[in-house]
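Visitor: Could you take me through the aromatic residues in this model, with a close look at how their rings pair up?

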Amino acid sequence: MNKTRPTKVLRRHVGDWIFGAFLAPFVAWLIRLFAATLRIEVEGGAHYEAARRCGRPLIFAFWHEDLFGMAMGFLRLGTGLRVAVMVSPSRDGEKLARVIHRLGLQTVRASSSRGAARGLLEMKGRMTAAATAEAHAAAALALDGPRGPRRVAKPGVALLGRQTEALIVPVSFVHSR
C-alpha cells in the first residue's frame, strides 16, 4: 500500500484551488495590462467587418503558436462576440481555461487527440444556441494541434465550418520588439 499517494493528490488539489482562486485572476489581470500596452495594426479589417455584417457565425482560425496573440486581439479589439475557444482537457488545459474564462471567453474542453469529435459537437451546439438567441456566435480554433506538426492544418475547422455554415476568418500575428 502506497501511503504517499494521498498526500500527492491532496497537494495537487490544493495547488489547483490556489491557482483558480488567486493565480488565474492575477494572470488574467497581467494579460489585460500587457494588452493595454500593445500597438495593434489590423490588416484586412474591411473583410472582417463584411463577414460580421453577413450575419453568419464566424470561426477564427489561427496557428497554435498564436494563442496568446488571439487573447490580446480579443481584449483590444472588443469583438463583442460570444467566442468559444477549444482548450485541452489536460491539467494544464484546466489552468488555461480558468484564465481564458477570466478574460471573458467561453471554453470547450477537448483537443485534437482527446475528445475532438465531442468538442466539435459542443462548439456546434454553442454556436447554434447563440444564433437562436440572436447573438453573434463565434469560435476560435487552432488549425494545428499542440502536438503538431507545426503549421499543418487539421480538419476540425473545416468540419465545424461546414456543419455550422460559418465563415472562416484566418487570423495571424506578427510581433516585433
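Guide: Happy to. Phe26 and Trp29 sit three residues apart in helix 1, so about one helical turn separates them; helices here are DSSP runs of H or I with at least four residues, numbered from the N terminus. This is a predicted model, in which local features need pLDDT of at least 70 and side-chain atom pairs count only at pLDDT 80 or more, while totals for chains, interfaces and linings use all residues. Residues are numbered from 1 along each chain as its sequence is written, and side-chain values use heavy atoms, leaving out hydrogens and water.

Phe26 is partly exposed at 43% relative accessibility, and Trp29 is partly exposed at 48% (buried is under 20% relative accessible area, exposed over 50%, partly exposed in between, with a 1.4 Å probe and protein chains only).

Rings of Phe, Tyr and Trp (its six-membered ring) pair if their centres lie within 6.5 Å; planes under 30 degrees apart are stacked, over 60 edge-to-face, and the rest tilted. Phe34 belongs to helix 1 and Phe68 to helix 3 (residues 67-77), so this pair ties together parts that are 34 residues apart in sequence. Phe34 is partly exposed, at 40% relative accessibility, and so is Phe68, at 42%.

By this rule there are three aromatic pairs. Among them is the one formed by Phe26 and Trp29, which is stacked: 6.0 Å centre to centre, with 25 degrees between the planes.

Technical notes:
Helices (H or I, at least four residues) and strands (E, at least two) are DSSP runs, numbered from the N terminus.
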